[in-house]
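Good morning, and thank you for making time for this presentation. I would ask you to keep the sequence and the structure in view while I speak.

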Amino acid sequence: MKIVISAPGKLILFGEYAVLFGAPALVMAVNRRSRVELSPSDGVRWRFFAPGLASEPAEVEFDAAGGHRWYGDDDVVAEFGLVDRLLRELDERELIDIKGASAAEVVLDTTEFYTTRCGRRCKLGLGSSAALTVATVAGLAAWSGTALGNPPDSVWLQALVEVHRGIQGGRGSGIDVAASAIGRVLNFRLAGDGSVSVATPTTLPDGLIAVCIWTGKAASTGDFLERLESRRRTRPREVERALRRLCDVSESGVVALSEGRAVRFLDSVGEFLEALDVLGEAIEMPILSNEHRRLRQLGDESGVQYKPSGAGGGDFGIALTDSKVAAEEIAGRAAAAGFEVVDLRIESEGVSES
């Protein structure tokens, strides 16, 4: 028996930061997929492989209580830290009876989430950890005879979000997990208790074009969220004012998109960028990094609305327009300035078995 499961990455179109505080946001599953392949092991131990991430495979043995123990060189085992945290989350939540399943060889493939720049392997910032989490959980569930559904139902979606939050130290909205699990473009919203309230497929207005541009610089979402938490304590007035503005713009922008009003939505993107800049000043972090500011300038010159995708500081930005001419112009200007325009398209399928 052999099982291959894959899940897409994501780009946040609208509503970063605001989504953490109950405002709606828009996320697009993209055509870069994490893949997990399981096949029978010839022993009692599971063997995990992670090409490009881990130098060698590492072995795991599960005990009768559901706990696990790693075998191998300490440095190699450390390279499987995300898998270790994921297994602990699954055990604590008793989501899958892994100990009752036969041992497997597991290959974790996230190569589509990286690029090579100046001879270095660089992470693109497309939600690889969420995609890998979703694909791995789905793979382990299938191997153990547990059904998640396709797409996962609301109970399993919430479980996936909680597992990934556990891996990430309790942070994150889960919007990236929802994109990996469901695919397409989603209207996403959290309830007051932090659970997923809305994760509903939606469509972009006819003629709306998204040009996806990699800044060439990786950024840590965790660093930005830590700073946000810190400054909410030390500068509450400034930060809360900035967050309220973000939430208000998110509400109006998502409504405009859901009603098919592309021009109003594009106006909201411009307003949202300004609000992001204010938030960056309030938390004293460069959400609009030098790279994003340069791309914003190129966007203004091309007649498009530009914004960072995600926490900012680097990774991807998105130029949005309803004009093919303007889309071609920003793509050309960005490439000429040394940025990488990446052909990312909406991925209609979420987590699935190949």
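**A buried serine and the helices**

Ser 268 is buried, with a relative accessible area of 0%; buried means under 20% relative accessible area, exposed over 50%, and partly exposed in between, with a 1.4 Å probe and protein chains only. The model before you is predicted, so local features need pLDDT of at least 70 and side-chain atom pairs count only at pLDDT 80 or more, while totals for chains, interfaces and linings use all residues. Residues are numbered from 1 along each chain as its sequence is written, and side-chain values use heavy atoms, with hydrogens and water left out.

Ser 268 belongs to helix α8, residues 262–283. Helices here are DSSP runs of H or I with at least four residues, strands are runs of E with at least two, and both are numbered from the N terminus. What does Ser 268 touch, not counting residues up to four places away in sequence? The residues are Phe 14, Val 249, Ser 252 and Gly 253, where contact means heavy atoms within 4.5 Å. Phe 14 is 254 residues apart from Ser 268 along the chain, yet their C-alpha atoms are separated by 9.3 Å.

I turn now to a buried helix. Eight of the eight residues of helix α5, residues 175–182, are buried, so α5 is largely enclosed by the rest of the structure. Its buried residues include Ile 175, Asp 176 and Ile 182. They pack against the strands β1 (3–14), β2 (25–40), β9 (185–190) and β10 (196–202), and against the helices α3 and α4 (154–167). After α5 comes Gly 183, with a positive phi near 80°.

Next, the helix pairs. The axes of α2 (residues 81–93) and α3 (residues 128–144) come within 11 Å and cross at roughly 50°. Axes are lines fitted to C-alpha atoms, for helices over the stretch in contact, and angles run from 0 to 180 degrees between N-to-C directions. α2 and α3 are therefore oblique to each other; angles under 35 degrees count as roughly parallel, over 145 as roughly antiparallel, 65 to 115 as roughly perpendicular, and the rest as oblique. On the side of α2, the contact is made by Leu 82, Leu 86, Leu 87 and Leu 90, and α3 contributes residues including Leu 132 and Leu 140.

For α3 and α4, the axes come within 10 Å and cross at roughly 125°. These two helices are therefore oblique to each other as well. In their contact, Ser 129, Ala 130, Thr 133, Val 134 and Val 137 in α3 meet Trp 156, Leu 160, Val 163, His 164 and Ile 167 in α4.

The axes of α6 (residues 221–234) and α7 (residues 236–258) come within 6 Å and cross at roughly 125°. Among the residues in this contact are Arg 231, Arg 232 and Arg 233 of α6 and Glu 240 of α7.

Lastly, the cores. A nonpolar core is a set of buried Ala, Val, Leu, Ile, Met, Phe, Trp, Tyr and Cys residues joined through side-chain atoms within 4.5 Å. Of the 60 residues in the largest nonpolar core, Leu 38, Trp 46, Phe 48, Trp 70, Phe 80 and Leu 140 touch the most other members. The largest share of this core, nine residues, comes from α3. Apart from it lies another core, of 50 residues, with Tyr 17, Cys 122, Ala 131 and Leu 243 among them.
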